[in-house]
Amino acid sequence: MGEKKFCRTTAIVTVSDRGSRGERDDISGRKLLERLNAEGFEVLYQEIVPDEISEISRVLRSYADDKKVALIITTGGTGVSPRDVTPDASLAVVERTIPGMAEAMRAASLQKTPHAMISRAVVGIRGKTLIANLPGSPKGALENLEVLLPALPHALEKIQGDTSECATR
Ligand SMILES: Nc1ncnc2c1ncn2[C@@H]1O[C@H](COP(=O)(O)OP(=O)(O)OP(=O)(O)O)[C@@H](O)[C@H]1O
Ligand SMILES: Nc1nc2c(c(=O)[nH]1)N[C@H]1C(S)=C(S)[C@@H](COP(=O)(O)O)O[C@H]1N2
């Protein structure tokens, strides 16, 4: 049997006040791009947005509903400071959550830092798009992505069902 086909089109959204003002190099976004490319994901879109619920949920909706990417990876704003609202914006747009994926990230990350328990990261589904929140630091973002990678192909395949067309830019 041949390998099952599924879409790997991806958007990376960096959520950062400083990054969105051009005051900090978006290292996390760049590292995620490299890693996802190496895993065969087709990163079509990458952008930086400020820590604003309305702005974050607007871009998440747009990538899921209009661009119809298979995967949206966010980085940043998952913690507990007042402006950390990425999980709240994500909860506002997902139709179903996948608690196991978020818990797996927290459990693995707890082996690295006790701060992992304050990550409020959400993973969920909107339409046929999987949305996953990763922490903001380059180290945290990459470590958490590694936790998701082994389960991503199967998850995307199941979410998409019989998808015949993938998004293009
Ligand atoms: N996109 C990024 N690229 C590089 N380093 C980052 C990025 N996002 C966060 N970091 C680093 O991780 C740390 C913790 O991330 P956190 O999301 O709390 O950022 P922050 O300092 O609140 O950023 P901002 O004010 O831009 O939203 C930051 O202080 C910074 O050193
Ligand atoms: N694997 C891993 N998970 C991690 C971290 C890390 O360095 N490695 N950083 C933690 C820290 S310091 C915080 S505050 C939370 C939330 O990060 P964020 O607010 O930058 O999104 O993620 C946590 N998860």
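At what angle do H2 and H6 pack, and how far apart are their axes?

## Basis of the report

This is a predicted model, in which local features need pLDDT of at least 70, side-chain atom pairs count only at pLDDT 80 or more, and totals for chains, interfaces and linings use all residues. Residues are numbered from 1 along each chain as its sequence is written, while chains are lettered from A and ligands numbered from 1 in the order in which they are written.

## Packing of H2 and H6

H2 and H6 pack at an angle of about 25°, with 8 Å between their axes. That makes H2 roughly parallel to H6 (angles under 35 degrees count as such). Axes are lines fitted to C-alpha atoms, for helices over the stretch in contact, and angles run from 0 to 180 degrees between N-to-C directions.

Ile27, Ser28, Lys31, Leu32 and Arg35 in H2 meet Pro138, Ala141, Leu142 and Leu145 in H6; residues are in contact if their C-beta atoms, placed from the backbone, lie within 7 Å.

## The two sides of H2

The buried residues of H2 are Ser28, Gly29, Leu32 and Leu36 (buried: 20 or more other C-beta atoms within 10 Å of a residue's own; exposed: 12 or fewer; C-beta atoms are placed from the backbone). They cover an arc of only 95° around the axis, which puts them on the same side of H2; the arc is that of the directions from the helix axis to the C-beta atoms.

The face turned away from this buried side carries the exposed residues Glu34, Asn37 and Ala38.

Note on methods. Helix = DSSP H or I, 4+ residues; strand = E, 2+ residues; numbered from the N terminus. Parallel < 35°, antiparallel > 145°, perpendicular 65-115°, else oblique. Contact = placed C-beta atoms within 7 Å.
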